[in-house]
Each structure stands twice: as C-alpha cells, then as structure tokens.
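Okay, everyone, thanks for coming.

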Amino acid sequence: MPASPMATINGIPVLGLGTFPLKGDEAVNAVAMALDLGFRHIDTAQMYGNERDVGRAIKESSVPRNELFVVTKIDPSNLDGVRFSASVSRSMTDLGGPADLLLIHWPPPEHDLDAAIDRLIAEKENGMSRAIGVSNFSAAMMRRAQDRAKGEIMCNQVEFHPLLDQSKLLAASRELGIALAAYSPLARGKAMLPKPVRDIAAKLQRPASEIVLRWIIQQGVIAIPMTTKRGNAQSNLSVLNFALSQDDMSSISNLGTRHGRTINPSWMTGRWD
C-alpha cells in the first residue's frame, strides 16, 4: 500500500486498475485484490462486458464506496439518442450506483460529436456520474468537446506509453485542463523491451514495468495497467515512491514514434494526431 494518500489529477487517482479483458470471477478477484492493496481507481467499460463483475467486487469490498473512483465508458453502438440513456442506466445498475467518471469510449462521426457531448452532459445532470470525459479523442476533437461542454470534460483516456509519441495530445490536454489517462501503458509488454528502459531498470534495480509506469505518471498522466497478479499490482503501486531523473525521462521519451500504436481500429484511420 502506498505510504501516503495517492496523488490525483483533476480528482482522479494517478494510478488505477484496468479490467480489460477480465470477466467473471477473474474480474471480481482482480478488483478485490487491487482494493485490498490500496488501489482506489477502477476502470471498466460497457464494451468490456464486466461492469456487473466490477460492481460485485465493489459491493463485496470493505472499502467504502465514497473512497473509490470508478470509471466506465459508453460503447460506440450506444451513442445515438435511443440507446444512450438506457445503456448508461444499465451500467449504473450493474455498477451498483453512479460512476465517478463517465466517458465516451470512441469518438462518434464528426457530425454526431456535439450531440454525443450534449447527451453526456445530460447524464451527469441526471446524476448518473459525478464527472464526464472522453476516450480516444484527438487534440482537435478534445478541444471541440471541451468547448461544447463548457469546460466540463475532465479526462481523455488514450493509448499512452513510451513507444507512441503523444506529445501533441499531452500539450493540448494541459492547455484545456483535461487529464490524460493511459490505457495499454505497457504496450502489451513491448514498452519494457527497449534498451534504454532495460538499462534504467538495471541501474535503479527495479522492474522495467515500474520504469515505464513511472515515466507516465511523472508527466502528469494517469496510468491504468491491468493485472491479476498480486505481486505485479504491488509492484505497480511502488511507482509512487521513486522518481526518474530528467535524463532518464528524456531517454525514454526519445523512443516514441507516431506509428507505435498497439490499438488502432479501422474506423479511426485518419483521425489520430
């Protein structure tokens, strides 16, 4: 467990537990383990098919619900006017109550973006979530969403790791007051392999995974790695207790390219920064 209360960005704990692709007892057990260790930020989504499992783990935990930060995301198929509100209601039933942060999981077509943001705001006003945000939005989309929402967009959850250059998006997020949250923070293990990462890990006598996660949160980006292993979860928490030098940060940052995505669906072609 971290030695002190976890830092937050826009009220979001800087380290959370991702739950994709966990389902059933595996998802319940992973969330229960994370909460026992001291994690208070849990991420799920309609698309993952595990909101009910996450809700069960939260209900069965001894941690008071008001100490948790629970995030879920609206599936692209539910963004139209007919499905939007009904899908959010189902999510909140499965989670056992309102979310702390409700995100649009993938950006809709450009001509539907404003309407989707309006519906998201309406769900917050209806008490379905304490805060709202987006996911996989480019800098231009993020700016448009924040303008439409009059500054209420709290977070943009995106792929973020050393192999992918997200400097443009990070700069825009800071300008707009929107936190970035990193999914796939280890790039499915690939981010731990480059020599600079391994060299820094050896120098500091820490696992490469900790070096990568520390590089993320030291830039003011939230990290939500997924693990079912207690030892790995404990290791992830330890990134809160050390820092990388500026030289080490730069060495890792130099690994990033525009072509380093591990998640790149066809409908996003031409829409990324």
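**Holes, a pocket and a helix**

Let's start inside: Asn136, Phe137, Ser138, Val158, Gln166, Leu169, Arg261, Trp272 and Asp273 line the largest cavity. Before I go on, this is a predicted model, where local features need pLDDT of at least 70 and side-chain atom pairs count only at pLDDT 80 or more, while totals for chains, interfaces and linings use all residues. Residues are numbered from 1 along each chain as its sequence is written, and side-chain values use heavy atoms, leaving out hydrogens and water.

So what's a cavity? On a 1 Å grid over the protein atoms alone, a cavity is a set of points where a 1.4 Å probe fits but cannot get out, whereas a pocket is an open set with protein on both sides within 12 Å along at least five of seven lines; lining residues have an atom within 4 Å of a point. Points are joined across faces, edges and corners, and a volume is the space filled by probe spheres set on them.

By this rule there are two cavities of 30 Å³ or more. The largest has a volume of about 40 Å³.

Now the open space. The largest pocket has a volume of about 660 Å³. It is lined by 28 residues, and the closest to its centre are Phe20, Tyr183, Ser184, Pro185 and Met226. Which helix gives the largest share of that lining? That's H9 (residues 230-237), with three residues; helices here are DSSP runs of H or I, at least four residues, strands are runs of E, at least two, and both are numbered from the N terminus.

On to helix H4, residues 113-125. Its 13 residues reach 19 Å from first C-alpha to last, close to the 18 Å expected at 1.5 Å a residue (that is, 1.5 Å times one less than the number of residues). Buried here means under 20% relative accessible area, with exposed over 50% and partly exposed in between, using a 1.4 Å probe and protein chains only. In H4 the buried ones are Leu113, Ala116, Ile117, Leu120, Ile121 and Glu123. Why are they on the same side of H4? Because they cover an arc of only 155 degrees around the axis, taking directions from the helix axis to the C-beta atoms.

Last stop: Thr44, in the loop between strand S4 (41-43) and helix H2 (51-60). Thr44 counts as buried because its relative accessibility is 0%.
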